[in-house]
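Subject: Handover of a structure for your review

Dear colleague,

Please find the sequence and the structure below. My findings follow directly after them.

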Amino acid sequence: MTAPPSNPPSAIDASCRLPLFGLFGGAAVCLALASGFGLIASLSFHKASLFADCAMLSYGRAYPAWSHLLVYGFCVPAGLGAGLWLLARLGRVEVAKPWLIAFGAKLWNLGVLVGLIGILAGDASGFEWFEMPRYAVIILLAAFLIITLCAFITHYGRSRRHEEADSPSGTEARFVTSEPTLYPSQWFVVAALFWFPWIFTTAGWLLHYFQVRGVVQVAVGWWYAGNLLNVWLPLTGLAATFYLLPKITGRPLQSQYLALFAFLTLVVFGTWTGMPAHAPLPAWMPTLSGGASLLALVPALAVVASAILTCRGSNVACLGGPLCYAKFGVVSFAVSSLLIALTACPLISRVTDFTWFNHGHATLRLYGFFVMTMTGAAYYILPRVSGIEICANRVRANFWLFVIGTLLFTLPLVAGGVTQGAKLLDPSILFLDTAKPAMMAFRMSTLGEVLIAAGSGLFLFNVLAVMAAWYRSVCRQAFANATARLETAEAQS
Amino acid sequence: MKSSALVFLTAFMALSASWGGFVLAPQIQLGRNAQAKTVPAGDLYPVARPGLANQGADVYRALGCVHCHSQQVRQDGVKCELVLTDAGTNTTATLAALGKLKPGLATAETLSGLPKTLMPLADMNAADPLLKVITGAGAKAEVHVTPTGPDIARQWGRRHTVAQDYVFDSPVQPGTRRAGPDLANVGARFPDRNWHLRHLYAPLAEVANSTMPPYRFLFEKRPVGSGPVPDALALPAGFAAEPGFEIVPTDAARALAAYLVSLRADSPLFEAPVTLPPAPATTAAK
């Protein structure tokens with residue numbers, strides 16, 4: 001077997017086009033839908049009786065619909081799309097079985113839709129961040145495995161790897177890589193591809209199909225949510241960050257070792273996070289989890305250091321482009337990690353538990369870090385795979401909508417959560433009076449949600465515009481070819 | 001990292017460690033939990049919910065009530081007190097024994113108006129030698145345990161919630177947010193199912209300034225007289241249906257109300273001791 005020839009970037013990008021259209025297109029639709037359901041959910045706090053006659057849109061169903069669409073509708077496919085492209089680009093290999101991946105993407109979107117309908121019809125599981133009913137689990141798992149399989153085939157077939165034909169040992173074929181190490185983004189993507197099926201199968205199996213008893217359910221649910229939000233999302237998002245920052249600034253990543261340190265600490269500490277401090281579980285579990293949340297600050301700091309060192313001294317203005325998205329993502333990742341680490345301290349978690357604070361840092365992680373990084377990555381990748389530029393002004397407008405929206409969405413929740421928690425600790429204050437200041441904060445955050453919804457709509461428009469323009473150009477080309485061939489035929493006759 | 005295998009190995013080791021810790025270990029520690037005995041009464045706890053309440057748990061899940069209501073009571077600590085319940089026949093010996101515990105107690109006033117709190121204790125274990133002295137003199141004493149904390153002071157429960165409370169729940173929904181009050185003991189606070197039905201239909205009718213959304217879709221408006229409906233809601237003016245109509249709960253509403261009434265987690269357990277006020281002989285140290 002000889003080394004396959006290195007593929008030109010254009011061929012690699014072209015091979016990614018179909019899968020990425022499927023994954024990013026579905027993700028953009030789901031992000032816009034999620035924003036809609038988020039707004040519907042928030043409206044119940046503005047006028048309690050708004051959906052009194054409509055079970056489907058009541059808070060208890062619109063809220064899980066929001067989280068389901070955001071996490072499974074947007075985050076996972078967007079992360080997979082960016083991850084696939086990174087594996088193909090960094091491995092200098094065309095993506096394997098693009099049709100199969102596109103099919104997997106469609107299947108995934110179907111699973112998300114089935115789950116959404118289930119949730120709205122009252123079939124939600126009741127576990128936060130894992131709201132889908134049991135029949136959606138199997139579809140999503142099948143879709144993920146299809147895409148993962150293709151991603152691994154792509155990664156395995158990377159052209160840097162070639163059999164050493166003139167191996168001195170003769171009989172023993174030895175695989176070597178022409179470069180000594182994988183690029184950090186590849187570690188993150190590969191680990192994420194491995195991580196998700198494991199945690200998803202565990203949660204699906206133990207919460208839906210072979211239900212464990214009693215509080216073991218919540219232990220499994222929180223373990224899953226912790227791994228999803230604090231490991232899987234960072235793994236996928238940082239893979240894109242570590243690619244985008246050096247690529248756009250034109251400076252080498254500072255440094256591989258810092259990235260390695262971030263990777264190792266993230267997987268080792270992050271995986272133990274997720275148990276709330278006052279969980280009705282044996283005390284060792286929240287304690288251990290709190291310690292891990294504190295230590296999970298280490299990878300966040302390493303990422304910040306790496307980002308600062310990489311971007312420092314580059315004179316590339318980011319102008320609301322993908323670089324801005326990635327930078328804001330890093331900052332949000334660090335801040336949300338800091339907020340999670342703060343809750344590891346019992347004195348603080350005593351105040352913040354059961355308040356909007358936790359919702360605040362979760363949305364900061366989801367919107368501020370992941371959605372930002374992934375939309376930035378999509379704006380970087382889509383023009384490359386389709387050859388169609390996105391208007392820079394629309395990208396910049398989307399950036400500012402997301403930034404202001406995210407800040408307005410999350411900061412009032414965090415601040416309101418602290419005041420709410422402080423009042424909850426004083427039994428002389430009536431419960432309704434504790435909820436009231438939080439309600440104010442919540443209403444302010446709705447303004448942020450409106451901006452995010454506008455940004456999501458713009459993102460959807462931009463993605464669809466790229467896809468439409470590409471399909472239009474294909475049709476135009478096909479039409480031109482058809483007419484051209486006809487003319488030649490006529491000329492020959 | 002040189003190879004993907006190394007990445008795999010790292011991820012595998014990290015994830016299997018936490019899987020073992022947070023999935024396997026709790027299953028081994030708690031996965032086979034069944035009914036336990038209350039201390040000291042020895043009743044079995046928890047008791048499985050009756051059928052309608054069990055259906056109500058499903059309604060609770062389907063409506064996503066968990067997103068606004070927790071079912072977890074926290075406590076900061078416990079207040080232990082030594083309480084003299086019986087002075088015995090030999091009051092001289094009792095007084096002498098009390099004098100040994102604390103000199104100021106050896107007065108006749110201590111023996112009047114029993115049960116009487118003798119002294120606060122650091123913890124339950126501190127009571128054993130003191131009880132020995134008192135019972136040696138023929139008197140009787142108990143340790144009263146009162147959990148403390150803001151949740152308890154809000155009367156959301158008598159003790160903190162522990163794993164044992166959720167043995168029969170599926171899905172277990174302890175909740176992470178309190179946009180509304182905690183419901184772990186709502187059945188003890190509001191034992192009337194009709195109150196819950198009225199509150200579900202129109203929260204403002206029962207709780208002034210309530211921020212809870214009304215769940216009108218769980219009820220039907222029917223013309224009066226089309227059939228005898230014993231549990232039509234008796235709503236205050238301003239919330240009731242127009243004359244000639246009545247508000248009748250659906251099966252889902254009835255089940256949900258039955259579930260809410262069944263929510264009660266205050267039995268004294270070994271891991272969560274509490275002295276219930278009306279019961280005279282609970283939690284006496286043996």
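I begin with Leu256(B): leaving aside residues up to four places away in sequence, Leu256(B) touches Gly56(B), Val59(B), Tyr60(B), Leu200(B) and Leu218(B). Please note that this is a predicted model.

Leu256(B) also stands out in the packing. The largest nonpolar core has 220 residues, and Leu256(B) and Leu69(A) are those with the most contacts inside it. The element that gives the most to this core is helix α6 (residues 216–249) of chain A, with 22 residues. A second, separate core comprises 18 residues, among them Cys80(B), Leu82(B), Ile134(B) and Val145(B). As a general point, nonpolar side chains in soluble globular proteins tend to be buried together.

Helix α9 of chain B covers residues 251–262, and Leu256(B) is one of its buried residues. Of the 12 residues of α9(B), 10 are buried, so the helix is largely enclosed by the rest of the structure. The buried set also includes Arg254(B) and Tyr259(B). Among the elements covering these buried residues are α2, α6 (186–189), α7 (193–201), β6 (219–223) and β7 (245–249) of chain B. The length of α9(B) agrees with expectation, because 12 residues at 1.5 Å a residue should span 16 Å and the end C-alpha atoms are 16 Å apart.

Turning to chain B as a whole, it contains nine helices and seven strands. Its radius of gyration is 26 Å, whereas a compact globule of 286 residues would have a value near 19 Å. The C-alpha trace spans about 75 × 75 × 30 Å along the principal axes of chain B. Buried residues account for 43% of the 286 residues. Of the contacts in chain B with a separation of 6 or more, 77% are between residues 24 or more positions apart.

Chain B is divided into domain 1 (47–72 + 181–262) and domain 2 (77–148). The C-alpha centres of these two domains of chain B lie 47 Å apart. Lys140(B) is in strand β5 (residues 140–148) of chain B. With 18 other C-beta atoms within 10 Å, Lys140(B) is partly exposed. Beyond residues up to four places away in sequence, Lys140(B) touches Thr85(B), Asp86(B) and Thr135(B). The C-alpha atom of Lys140(B) is separated by 39 Å from that of Pro50(B), which is 90 residues apart from it along the chain.

The two chains meet as follows: 57 residues of chain B are in contact with 65 residues of chain A. On the side of chain B that touches chain A, α1 (4–30), α2 (51–62) and α5 (150–153) each supply at least two residues. The most comes from α1(B), with 16 residues. That side of chain B divides into 32 nonpolar, 18 polar and seven charged residues.

Most residues other than glycine have a negative phi, and most peptide bonds are trans.

- A cis peptide bond joins Val39(B) and Pro40(B), with omega about 0°; Pro40(B) is in the loop between β1 (36–37) and β2 (44–45) of chain B.
- The peptide bond from Ser170(B) to Pro171(B) is cis, with omega near -5°; Pro171(B) is in the loop between α5 and α6 of chain B.
- Trp129(A), not a glycine, has a positive phi of about 70°; Trp129(A) counts as buried, with 21 C-beta neighbours inside 10 Å.
- Asn209(B), also not a glycine, has a positive phi of about 65°; Asn209(B) is exposed, with 11 other C-beta atoms within 10 Å.

Yours sincerely

Conventions: Residues are numbered from 1 along each chain as its sequence is written. Chains are lettered from A and ligands numbered from 1 in the order in which they are written. This is a predicted model: local features need pLDDT of at least 70, side-chain atom pairs count only at pLDDT 80 or more; totals for chains, interfaces and linings use all residues. Two residues are in contact if their C-beta atoms, placed from the backbone, lie within 7 Å. Helices (H or I, at least four residues) and strands (E, at least two) are DSSP runs, numbered from the N terminus. Ala, Val, Leu, Ile, Met, Phe, Trp, Tyr, Cys and Pro count as nonpolar, Asp, Glu, Lys and Arg as charged, and the others, Gly among them, as polar. The radius of gyration is taken over C-alpha atoms; the globule rule is 2.2 Å times the number of residues to the power 0.38. A residue is buried if 20 or more other C-beta atoms lie within 10 Å of its own, exposed if 12 or fewer, and partly exposed in between; C-beta atoms are placed from the backbone. Domain bounds come from an automatic or database domain assignment. The expected span of a helix is 1.5 Å times one less than its number of residues. A nonpolar core is a set of buried Ala, Val, Leu, Ile, Met, Phe, Trp, Tyr and Cys residues joined through C-beta atoms within 7 Å.
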